[in-house]
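Let us walk through this model one step at a time. Keep the structure in view as you read.

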Amino acid sequence: MTVVVPTLTGGEKLEECVEALQAQGIVGLDVVIVDNGSLRLGERFHGHEVVRVLSPGRNLGFAGAVADAFESSAAPYFMTINDDAVAEPGCLAALIRALERDPAFGSCAPKIVLAGENLLDSAGMAIGLDGSSRQRGHRRDPDGYRAAGEVLFASGCAAMYRREALADAGGFDRDFFLYCEDTDVGLRMRRMGWRCRYEPAAVVRHKYSATAGGGSASKVYYAERNRIAVLVKNFPWDLILMSPAFTLARYAAHVRALASGKGYAGQVSGGTTWGGFVGAVLKGMWDAFTRLPTLLKRRSQLMRRAKLTSAEFRRVLKTHRLSASEIAGV
């Protein structure tokens, strides 16, 4: 199997991540580090039997790094993991076993816990009805998520994919650069008829946003731009037409969060002004709309191959949907 670790800054967190992967005891393990920061990591990891370094010479973002690694691999199982995440012993084997039990599952989500806290980061992902997404069970008691089962899709922070399923969906979209790329590819896999399993026996510890920052203006920009791309590429037209009402409700929840210093937007207020927050949202929206011709073309390509009808896919989305307040974390 292949595991890709995109990194921009390298350092101790990357080394801890790679050491944990090497300790998994997986025969034929191929750990691919994508050096987005031009850090000359090939020299640092020279001689590591299971580690190879791709050096693109520029920052490809998470999506581009994963796409490059996928193209360089022929392994039947392909995993993404953040450089600030650490796989617990037996994690990879548990994910592979979960996929081998049922060929209908194209991906598997581990239990991702927040490092240093007895709180959950994610137990798979869920969706808002305007293309926004959020971790299932974020900052809740991990004991409440002991049962395996089906989820909408896996968080790119740590996700195992069946190669056949990921290729069937067209792989990661490089244009997403950062954020929501896992939402996009996860929904495309669902459209192609592949399901996603949550496997609590596989545990990953995550230093949440240690690399990108908790709520930077850049994160707000990419999240807004890319959730519109997710919406246009993947959602049924009736939900797209109704999505502005959900977005307004989500914005209202974010404003309440900003005012109280809580929720996702509350994380932004420490380093970004209200004006900076609004500016990042508007820029994200504008850049998404300028890309509409490309997004519509990719939507058309997907719909021609989709296994699920719009009615079937709509039921999937509604089964795993979140409210506007839940998306905002308030």
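Begin with a pair of residues: Asp173 is buried, and Lys233 is buried too. Keep in mind that the model is predicted. Asp173 and Lys233 form a salt bridge, and their closest N and O atoms are 2.8 Å apart. This pair links distant parts of the chain. Asp173 sits in the loop between α5 and α6, Lys233 sits in helix α7, and 60 residues separate them.

The pair does not stand alone. Asp173 and Lys233 belong to a network of salt bridges that also links Asp175, Asp184, Arg188, Arg291 and Arg298.

Now look at the helices. Two packed helices are described by the angle between their axes and the distance between the axes. Helix α6 covers residues 181-191, and helix α7 covers residues 217-234. Their axes come within 10 Å and cross at roughly 15°. Angles under 35 degrees count as roughly parallel. Therefore α6 and α7 are roughly parallel to each other. Their crossing is right-handed.

Which residues make the contact? From α6 come Thr183, Asp184, Leu187, Arg188 and Arg191. From α7 come Val230, Lys233 and Asn234. By class, the contact has two nonpolar, two polar and four charged residues. Asp184, Arg188 and Lys233 are in this contact, and the salt-bridge network includes them.

Go back to the loop between α5 and α6. Phe177 lies in this loop. Phe177 is not a glycine, yet its phi is positive, at about 60°. Cys180 lies in the loop as well. Cys180 also has a positive phi, about 70°, and is not a glycine either. Is Cys180 buried or exposed? Buried means under 20% relative accessible area. Cys180 has 12%, so Cys180 is buried.

Next, other charged pairs. Side chains of opposite charge can pair when their charged atoms come close. The count comes to 28 salt bridges. One joins the side chains of Asp83 and Lys13, at 3.7 Å from N to O. Asp83 is in the loop between β4 and β5, Lys13 is in helix α1, and they are 70 residues apart. Both Asp83 and Lys13 are buried.

Another salt bridge joins Arg205 and Glu88, at 2.7 Å from N to O. Arg205 lies in strand β12, and Glu88 lies in the loop between β5 and α4. The pair therefore ties together parts that are 117 residues apart in sequence. Arg205 is partly exposed, at 30% relative accessible area. Glu88 is partly exposed too, at 26%.

Conventions:
Residues are numbered from 1 along each chain as its sequence is written. This is a predicted model: local features need pLDDT of at least 70, side-chain atom pairs count only at pLDDT 80 or more; totals for chains, interfaces and linings use all residues. Side-chain values use heavy atoms; hydrogens and water are left out. Axes are lines fitted to C-alpha atoms, for helices over the stretch in contact, and angles run from 0 to 180 degrees between N-to-C directions. Helices (H or I, at least four residues) and strands (E, at least two) are DSSP runs, numbered from the N terminus. Angles under 35 degrees count as roughly parallel, over 145 as roughly antiparallel, 65 to 115 as roughly perpendicular and the rest as oblique. A crossing is left-handed if the near helix is turned anticlockwise from the far one by less than a right angle, and right-handed if clockwise. Contact means heavy atoms within 4.5 Å. Ala, Val, Leu, Ile, Met, Phe, Trp, Tyr, Cys and Pro count as nonpolar, Asp, Glu, Lys and Arg as charged, and the others, Gly among them, as polar. Buried means under 20% relative accessible area, exposed over 50%, partly exposed in between (1.4 Å probe, protein chains only). A salt bridge is a side-chain nitrogen of Lys or Arg within 4 Å of a carboxyl oxygen of Asp or Glu.
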